[in-house]
Amino acid sequence: MRISIENFTKAFGTTTVIKDMSLEINSGEMLALLGPSGCGKSTTLFAICGIHRMNSGRLLFGERDVTRISSQQRNVGVVFQNYALYPHMNVFDNIAFPLKVRRDTRADIERKVKDIADLVHIGELLHRKPAELSGGQQQRVALARALVREPDILLLDEPLANLDAKLRLEMRSEIRRIQQQTGITAVLVTHDQVEAMSMCDRIAIMDQGKIMQLSSPKEMYEDPSSDFVAGFLGNPPIAFLEGVAAEGGMRLANSEVTLPVPAAINLPDHGAAVRFGIRPEFFQPDNDLKIKGRISFVETQGREELYDVTLENGSVLRSIQSQGGSFKLGDNVNWGIAGDRILAFDAAGNRL
Amino acid sequence: MQRSSWLGLAFLSPALIVVLLFFMVPVVLTGFFAFTNMSTATGVKGGEYVLNASGLRALADAGLPAKTLDQIEGAGYRVDARGLEALAADFGQPIADEFGKLHTGEVFAKRRDVERALKGLRSNPIRKTRDRKAAAELFKRSMMNERFPTLPAFEAALEEAKIPEADRPLITKVAYTGWVWTAENFGFLFSLESTWQYAKNTGIYVVFTLSFNVLFGLFLAIATFYLPAGQASTFRAIWFLPRILPPVLYIVMWRWFTWDTGFISTVLSGFGVAPKNWMLDTEFHAWTTIVLINGFVGASMGMIVFSSAIRAIPSSMLYASEVDGANRLQQIWHIILPQLRWPILFITSYQTMSLLTSFEYIYLATDGGPGGATEVWALAAFHTALNNYGGNLQYGLGATYALLLVVIGLLASLAYLRLFNFRNLLIKPRIEG
């Protein structure tokens, strides 16, 4: 089911958290609300499920205006960050709860709980109490409870935040599998860009109550609209070079070095401040746009190695290379930037 | 034992001393008194031996032969120093001297014999028959109304009066004025109809007050939970007032409220209802008042405990139940109440204990009235042992009431501890010694 948020404003007391936000989520799509903590992503999620009421604006599920409808009647499934399982009920009763309060028949409840438990692979845990489950199992129960009454919309509030790294990987694909299998419209709130990029069809990246960019993960990575978005996506993160527009390109701050600028980028007038964003994979020994520096940090990540290179003016570029390079800490290097992959931003952080 | 254990014991010692002084010692003393017949009449120290009219009646009721009774009442006339002294005081020393010389040590069965002996005085005759009668009376030796400070003295007197051996133990027992060990209190207590009335009253009191406390406390906690914070704390503060009010003042206000010149009567008199004491006019009104008085105090405690327990429920759980489609009632029934299970059990058991033994509000409000309708067990123990209209304070019987209450309380605590699965609640010290 399509979700439309129109001119949504939310304030807690005198603090306005979200101002005049509009967002369209397509039917069957999984969308990530990505952003640093305090950016308003959870507030948006809670507004969609009705826990928070909108101060102004409209919320539509399909064609239905649900702005004034209580959360009980919105038919939304929510997975909370701490799962919010009912500790006094066993797994079966937890999953059955939405059906029970709807007064489904006992036979119906049994059947549906069994089906959904099989879908999330917890069929053999139904008699256990939440306290007797591992984090991943609790997560699956929460997911089953959210899905059991076949909601129009599935909301996931940092669902993987409490899991260990290995389980997180597993549940990532698991949630995506279930979402695609059920074809449900889903919204994922997360501060983890990898989660957002790997699980979702589209990402809405948020900062200070505003949506900075809304696009597919690939597009957002390759074509960020601002330095905030560029900086938020990618691991290891993008490195920025500060400078000013000059004849023939950008002159680095505190340096005589001038980097030539690809033709696609429209530089501002000479003397205006510019930032270049260079992703680690585009700063490699054999690229052509050479720049001198000294290796100031080496991190072995197994398959790859991460180098920090401090340039003559003190700026730092990152490079990620396949295992096997013979570079050591303190080596002077002359590596190159892939000129056509430079992301250029103006003083306000907007993409040039 | 390790040093840290001693430290723990040292920290505990003030509590242990208090427990010892104000719980263990009273309980032990109660157990001790319960097996005595101590009362105002016996005193708490030892007694004397004396037979009086009521003692004699008791002996007659106990089936003592009439002959023995006669012997006690009139043990004969003995010419002894005491009689002679009295004679000298009333009729002059010469008469006493002569009579003493003639008859000292003699025992006469009848007064007539003494009179005859008096007539036989040669040098100092008593002329008037009436005087001789009076003089003979001075030598009458009876066990009645004579105080014997020790058992041997009393036994000697019995011997002297020639009371049959078989009757002596019973007479001794009746004559003793001090307290004795006895287990009769228990049988006696249960033979009293009023005891069963107290038990019934206590049952009514505990069940109704407890239900009111817990249910009303729950209602307040849940109702205020759904109110905005400011209103909620105002309501809680109002409902907390009865608890922080001094009990005497609180009861005085209830009495003003219900008296025949009080609030209810005054208001109702405007509608033509005759004024009356709304607290004491019927048993039903008395009970209603008692339950409300105690209930409002108890409910505030339940309210505080339940409120904080509700607030300890993670808000995401309440959100979850809402998006799961549960309405308010379903939320209360399925989410909030199950998680209040332990606080409810705690309040129930705690209040049962305190209600079983508490009587201060009843004492101040109805004092067990009307006609003993609200006399609960603890109040009966207090009345019997320490404060009653008759003035004969029966410490022994009162202690028996109290001891039974202690036993009931202990049994109930054991039952509750089992219910709480107390052993599982005990946590080993986190820091190893």
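I looked up what covers the buried residues of α2(A), and the cover includes α3 (106–119) and α4 (135–147) of chain A together with α17 (328–339) of chain B. I took helices (H or I, at least four residues) and strands (E, at least two) as DSSP runs, numbered from the N terminus. I call a residue buried if 20 or more other C-beta atoms lie within 10 Å of its own, exposed if 12 or fewer, and partly exposed in between, with C-beta atoms placed from the backbone.

I note that this is a predicted model, in which local features need pLDDT of at least 70 and side-chain atom pairs count only at pLDDT 80 or more, while totals for chains, interfaces and linings use all residues. Residues are numbered from 1 along each chain as its sequence is written, and chains are lettered from A and ligands numbered from 1 in the order in which they are written.

**Helix α2(A)**

I found eight of the eleven residues of α2(A) buried, so I list this helix as mostly covered. Among the buried ones are Val91(A), Phe97(A) and Val101(A). Just after the helix, I noted a positive phi of about 60 degrees at Arg103(A).

**Side facing chain B**

I counted contacts, meaning that the C-beta atoms of two residues, placed from the backbone, lie within 7 Å. On that basis 16 residues of chain A are in contact with 16 residues of chain B. At least two residues of this side of chain A come from each of β6 (76–79) and α2 (91–101). The most come from α2(A), which gives three residues.

**Thr67(A)**

I placed Thr67(A) in the loop between β5 (64–65) and β6 of chain A. Why does Thr67(A) count as partly exposed? It does so because it has 16 C-beta neighbours inside 10 Å. Leaving aside neighbours within four places in sequence, I find Thr67(A) in contact with Met54(A), Arg58(A) and Leu59(A). I also checked Gln179(A), 112 residues apart from Thr67(A) along the chain, and their C-alpha atoms are separated by 25 Å.

**Strand β19(A)**

I took two strands as paired if DSSP finds at least two bridges between them. Strand β15 (residues 283–284) of chain A runs antiparallel to β19 (residues 332–337) of chain A, joined by two bridges. In this pairing I see Gln284(A) opposite Gly336(A). Strand β16 (residues 289–300) of chain A is also antiparallel to β19(A), with six bridges. Arg294(A) has Asn332(A) as its bridge partner in β19(A).
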